[in-house]
Amino acid sequence: MPGAHRNNDSRYCGAKTIVETQTTVFVNNQLWAVEGDPNTHGEGRLYAFYGAKNIYVENKLIICAPGDKASEDEEGHMPSSVDPSTASSDTIVYD
């Protein structure tokens with residue numbers, strides 16, 4: 001079951017998500033990641049791929065892991081390796 005992917009949660013490539021496109025919704029004291037958030041390797045922008053895609057924060061779709069995706073980052077990691085890999089263990093999304 002996918003959970004809420006947050007600021008400082010991991011990506012498969014070892015990078016961490018940086019939540020910079022919303023400032024109001026927290027999960028376990030971390031900002032909830034939304035579409036467009038990058039990672040610590042540069043770029044690697046997140047996009048919603050999984051689920052009903054009907055949960056928004058500040059008019060942006062939320063991100064869950066596993067399940068959602070990311071684009072290539074500036075270190076050249078291919079998109080599948082940049083996808084979000086960790087999430088809140090007690091905030092389940094779309095189930």
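Author: What follows is a walk through the charged side chains, their partners and their places in the chain.

Happy to! This is a predicted model, in which local features need pLDDT of at least 70 and side-chain atom pairs count only at pLDDT 80 or more, while totals for chains, interfaces and linings use all residues. Residues are numbered from 1 along each chain as its sequence is written, and side-chain values use heavy atoms, with hydrogens and water left out.

Let's begin with the pairs. Side chains of opposite charge can pair when their charged atoms come close. A salt bridge here is a side-chain nitrogen of Lys or Arg within 4 Å of a carboxyl oxygen of Asp or Glu, and searching the whole structure turns up 4 of them. One of these joins Arg6 to Asp9, with the closest N and O atoms 2.9 Å apart. Both Arg6 and Asp9 are buried; that word stands for under 20% relative accessible area, exposed for over 50%, and partly exposed for anything in between (1.4 Å probe, protein chains only).

Glu20 and Arg45 make another bridge, at 3.0 Å from N to O. Glu20 sits in the loop between E1 and E2, and Arg45 in the loop between E3 and E4, so this pair ties together parts that are 25 residues apart in sequence. The labels are DSSP runs numbered from the N terminus: helices (H or I) have at least four residues and strands (E) at least two. Glu20 has a relative accessible area of 46%, which means that it counts as partly exposed. Arg45 is partly exposed too, at 28% relative accessibility.

Further along, Asp83 and Lys69 meet in a salt bridge of 3.6 Å, N to O. Asp83 lies in the segment after helix H1 (79-82) and Lys69 in strand E8, so here the bridge ties together parts 14 residues apart in sequence. Asp83 is buried, with a relative accessible area of 6%, whereas Lys69 is partly exposed at 25%. Coming back to Glu20 and Arg45, salt bridges that share partners join these two and Glu43 into one network.

Now for a charged residue without such a partner. Asp37 is in the loop between strand E3 (30-31) and E4. Although buried, Asp37 has no salt bridge, and Arg45, its nearest side chain of opposite charge, is 5.9 Å away. For that label, Lys and Arg count as positive and Asp and Glu as negative, with His and the chain ends not counted. What joins Asp37 to Thr21? Setting aside neighbours within four places in sequence, Asp37 is in contact with Thr21 and several others, including Arg11, Thr17, Ile18, Val19, Glu20 and Arg45. Contact means heavy atoms within 4.5 Å. Two members of the network, Glu20 and Arg45, are therefore on the contact list of Asp37 under that cut-off.

You'll find Lys16 in the loop between strand E1 (3-4) and strand E2 (26-27). At 35% relative accessibility, Lys16 is partly exposed. Its side chain makes a polar contact of 3.1 Å with that of Ser10. Beyond its neighbours within four places in sequence, Lys16 is in contact with Asn8, Asp9, Ser10, Pro38, Asn39 and Thr40. Asp9 in that list is the salt-bridge partner of Arg6. Ala70, which is 54 residues from Lys16 in sequence, is 12 Å away in space, C-alpha to C-alpha.

Lys53 lies in the loop between E4 and E5 and is partly exposed, at 35% relative accessibility.

Key:
A polar contact is a pair of N or O atoms within 3.5 Å; within protein, one must be able to donate a hydrogen and the other to accept it, and residues adjacent in sequence count only if both atoms are side-chain atoms.
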